[in-house]
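Dear colleague,

Please find below the structure that I am handing over to you. My notes on it follow directly after.

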Amino acid sequence: MAAKTETKYSVCTICDIGCQLRTEATNGKVSRVIAHDSPMLAKNICYKGTAAPHIHNHADRLRVPLKRVGERGADSWQEISYEQAMDEIAERLQRVVDQYGPEALAVSTSGWNTQTTHSMDRRFMNLLGSPNWISGVALCAGNTAAVNRLTYGWFPQPDFANTQCIVLFGHNPRKHSWTPIYNAIRSAKARGAKVIVLDPRVSDQAEGADLHLRLRAGTDAAMCLGWLKVIIDEGLYNKAFVKKWCVGFEQLRERVNEYPLERVAEITGVEQKLIADAARMYAKADGAVIPWTPITDQQVSSTSAIRLHSILRAITGNLDVVGGEILGGFNPGYIPESELGLHEQLSDSQKAKQLGYDDHPAFTYRAAEKLKEATERVWGFPYADLVMGCQMANPTNVFRAMSSGDPYPVKALITLGNNTLLSYANQHQILQGLMNQELIVAHEIFMTPTAMLADYVLPGDVFTERNHIADGWSWGNRLTLSQKAVEPPPQASSTFQFWTDLAHRMGFAEYFPWNSIEDILDHRLSRSGRSFADFAAATFMESPPPKFRKYRSRGFATPSGKVELYSSVLEDMGFDPLPYYREGPTPNAEYPYAVFTGVREDPFFQTGQRNIEVLRARCPTPKLFLHPTDAQREALQEDDWVILESATGKVTAQVSIQSSMKEGHIRVPHGWWYPESRGQQSLAGAFISSDAVLCSDEDAHLDHEQGVPHFKGFPGRIVKTTQPDITGPAVQSHPA
Ligand SMILES: Nc1nc2c(c(=O)[nH]1)N[C@H]1C(S)=C(S)[C@@H](COP(=O)(O)OP(=O)(O)OC[C@H]3O[C@@H](n4cnc5c(=O)[nH]c(N)nc54)[C@H](O)[C@@H]3O)O[C@H]1N2
Ligand SMILES: Nc1nc2c(c(=O)[nH]1)N[C@H]1C(S)=C(S)[C@@H](COP(=O)(O)OP(=O)(O)OC[C@H]3O[C@@H](n4cnc5c(=O)[nH]c(N)nc54)[C@H](O)[C@@H]3O)O[C@H]1N2
Ligand code: SF4
Ligand SMILES: [Mo]
């Protein structure tokens with residue numbers, strides 16, 4: 001019989017930028033992933049996307065629900081049916097809730113890759129009474145969204161198509177890293193747009209930039225204060241906009257005066273003239289953008305740095321204008337997840353129990369409640385859960401509560417599409433917290449170290465096996481179609497199905513009336529009078545036409561209705577209402593290097609894909625980048641193995657000497673474990689090379705307002721070692 005090949009439109013979820021691609025299925029199996037047929041989208045594909053058939057058809061893919069039979073973490077399992085697993089999970093969760101209260105349930109999820117949750121997780125938790133939802137988005141974009149709202153009530157998107165100047169704070173999109181943004185920057189440059197890069201290293205983007213400021217890691221907030229000093233002193237801001245639409249300019253000016261360029265140059269290590277030139281280039285451009293970057297999401301001055309980006313956008317007149325940064329709002333034709341989550345159902349007293357609410361409230365319900373009225377006034381709905389990140393618990397507080405019961409016990413964890421153990425700071429504390437749980441459920445596609453710690457592992461579906469319409473989690477408002485090409489394994493579930501089935505078992509059936517993903521998609525589209533089938537038949541993408549300067553009729557979604565350079569919400573919560581620079585933990589005699597995590601690896605997304613042969617072959621070992629002078633001082637050669645140690649832990653990696661590195665700085669990659677060592681190394685070697693082992697969650701390493709950890713420039717030292725034999729006898733896994 002001739003092979004029958006069908007082609008569908010897909011939104012790739014292997015990384016979190018969601019390229020639109022096409023999926024080919026032959027005889028019920030995904031056979032190829034190829035570029036989109038729209039010329040506008042055809043370049044948005046990387047070699048991880050084309051490797052999707054290797055991932056989705058992989059022999060190690062989880063296909064049957066598993067129940068733990070040995071000690072927690074021993075990786076011994078019994079296969080059970082999905083129905084039985086769900087019955088047992090519901091029963092055990094009910095026991096935890098009865099004994100400790102609903103807040104004893106925490107959920108850790110990513111959402112990027114599980115894609116079709118439709119906020120049913122928040123809906124379930126809000127009905128049950130738990131505010132303790134955490135996510136990787138607490139360290140990436142979700143927290144940026146929450147902090148952007150403090151200043152102007154929304155999280156804008158750069159208008160790459162029309163901009164004249166792009167400022168990249170570390171952010172380094174490449175051909176195989178966030179490909180659509182890479183392509184957007186390339187097109188803008190081809191039109192003549194200027195690019196300014198701020199990066200300690202000569203990154204790929206820095207190589208082609210008009211200006212490159214090689215700042216010391218962790219000093220981004222000081223740099224922004226320096227830019228503001230130049231822009232305000234030289235009158236390069238939009239005076240009419242500031243006068244009419246901003247509050248707190250005089251207080252901001254006073255604060256900025258505390259950062260003369262000599263001081264900023266000393267903190268950042270960049271010469272004064274270059275700082276001033278860059279500030280002028282940005283401020284004078286006719287439309288300039290500071291695209292989102294994770295670099296300022298992950299340092300001790302994170303809240304100030306993110307606010308400073310917002311303030312720069314606002315006072316230079318780049319908000320909601322052509323070539324600037326657009327405040328999109330919800331898509332009126334698609335019910336947003338913010339609404340599906342039913343946040344109004346969670347009582348004020350349960351909201352106040354959210355871990356982080358008291359000490360690090362910037363992305364918790366505490367801040368969200370203060371923005372509620374204004375958000376409803378401007379955007380039509382009180383809970384703008386942009387990028388899922390605007391009413392989260394604080395991960396560090398959650399892991400503390402799990403391990404020590406302070407301030408109350410957290411005893412059940414449901415983790416979905418998230419390698420929890422490796423994805424936050426202080427892996428030792430996370431492990432301790434997980435070992436102390438009465439119930440852990442992992443919804444996964446592969447047996448990760450986190451899944452190995454679970455009581456139940458449920459197999460998930462993948463993007464080629466489900467229908468979806470993506471709306472960029474309300475960060476954008478474009479709707480993009482993703483079609484199912486093949487059936488998932490019979491015992492696999494979508495995250496939508498998982499939450500629906502759990503809710504039905506725990507007494508919330510009336511709030512979960514949708515029986516399938518297509519049902520919930522029909523519901524979400526109902527405001528535009530269409531069904532999923534109508535949408536799929538008509539288009540693969542749709543955006544509301546952009547409107548500019550919408551604030552002229554509605555104001556900004558802040559308590560004052562204006563851009564709050566001086567933040568009333570931060571002030572109300574007892575924090576400094578103005579941005580400032582705080583020095584993070586600094587290298588010293590004992591730990592002489594400034595270590596940063598990151599520089600994403602092209603073949604992998606975060607902690608994933610180390611088991612996909614075609615991708616792993618491109619990067620077989622974790623690499624530690626070092627400047628030649630530092631390598632010489634340490635008597636290290638290319639490919640030597642070293643132990644990298646911080647005050648929190650030790651990991652092993654292989655030396656890569658790079659003249660593009662900044663002296664005194666070390667790069668450690670994120671998320672390494674060794675799937676091939678399963679059965680020989682505890683937790684598949686999760687403690688051998690993972691950056692989370694090094695990163696601290698002590699107060700000195702946390703941003704005050706959000707409580708995010710410092711990944712950019714913490715102190716470390718290196719010692720030569722030998723290559724670990726990870727498939728041999730247990731390798732010293734460096735416990736704390
Ligand atoms: N220590 C440390 N922590 C970090 C970072 C860091 O640099 N260092 N980086 C932060 C950043 S920038 C981000 S974006 C986050 C990322 O955090 P996550 O988005 O959680 O990233 P991953 O490590 O890719 O984990 C995703 C897991 O989901 C599984 N998965 C993939 N597709 C599906 C699916 O369709 N269904 C299900 N059920 N599972 C699926 C994968 O197998 C993988 O184990 O981590 C943050 N945390
Ligand atoms: N192939 C692939 N692509 C990915 C991902 C992946 O895992 N694999 N992950 C995606 C995700 S979730 C994210 S968040 C992005 C992250 O990707 P990027 O935003 O590009 O961030 P990184 O690659 O971590 O680091 C970028 C640069 O930051 C510099 N840097 C280090 N410390 C500092 C500092 O303190 N200040 C400044 N200004 N610069 C500093 C580093 O030298 C590096 O060149 O990548 C996305 N793209
Ligand atoms: S950049 Fe690659 S992995 Fe990420 S969504 Fe696009 S094709 Fe998929
Ligand atoms: Mo990220």
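In which loop is His 343 found? His 343 sits in the loop between α13 (337-340) and α14 (348-351); helices (H or I, at least four residues) and strands (E, at least two) are DSSP runs, numbered from the N terminus.

Some conventions apply throughout. This is a predicted model, in which local features need pLDDT of at least 70 and side-chain atom pairs count only at pLDDT 80 or more, while totals for chains, interfaces and linings use all residues. Residues are numbered from 1 along each chain as its sequence is written, chains are lettered from A and ligands numbered from 1 in the order in which they are written, and side-chain values use heavy atoms, with hydrogens and water left out.

His 343 counts as buried because its relative accessibility is 0%; buried means under 20% relative accessible area, exposed over 50%, and partly exposed in between (1.4 Å probe, protein chains only). Its side chain makes polar contacts with the side chains of Asn 126, at 3.3 Å, and Tyr 365, at 2.8 Å. A polar contact is a pair of N or O atoms within 3.5 Å; within protein, one must be able to donate a hydrogen and the other to accept it, and residues adjacent in sequence count only if both atoms are side-chain atoms.

Ligand 1

Of the 31 residues around ligand 1, Ser 110, Ser 423, Glu 444, Thr 607 and Asp 691 come nearest (a residue is near a molecule or strand if one of its heavy atoms lies within 4 Å of it). A nitrogen atom of ligand 1 is 2.9 Å from a polar side-chain atom of His 443, and a nitrogen atom of the ligand is 2.7 Å from a polar side-chain atom of Asp 691. The protein covers 95% of the 910 Å² of accessible area that ligand 1 has on its own (Shrake-Rupley method with a 1.4 Å probe; for residues, only the protein chains shown count as cover). Ligand 1 lies between domain 2 (66-144 + 329-542) and domain 4 (593-721), because both give residues to its shell; the domain bounds come from an automatic or database domain assignment.

Ligand 2

The shell around ligand 2 has 33 residues, of which His 171, Asn 172, Asp 199, Gly 218 and Phe 604 come nearest. An N or O atom in the side chain of Asp 199 is 2.6 Å from an oxygen atom of ligand 2. Backbone N or O atoms also approach this ligand: one of Phe 604 lies 2.6 Å from a nitrogen atom, and one of Gln 606 lies 2.8 Å from an oxygen atom. Of the 920 Å² of accessible area that ligand 2 has on its own, the protein covers 99%. Domain 3 (157-326 + 548-572) and domain 4 (593-721) each supply at least three residues to this shell.

Ligand 3

The residues around ligand 3 include Cys 12, Cys 15, Cys 19 and Cys 46.

Backbone features

The peptide bond from Asp 406 to Pro 407 is cis, with omega near 5 degrees, and Pro 407 is in the loop between α16 (395-404) and β15 (412-416). Asn 27 has a positive phi near 45 degrees and is exposed, with a relative accessible area of 52%. Asp 320 also has a positive phi, of about 60 degrees, but counts as buried at 0% relative accessibility.

Yours sincerely
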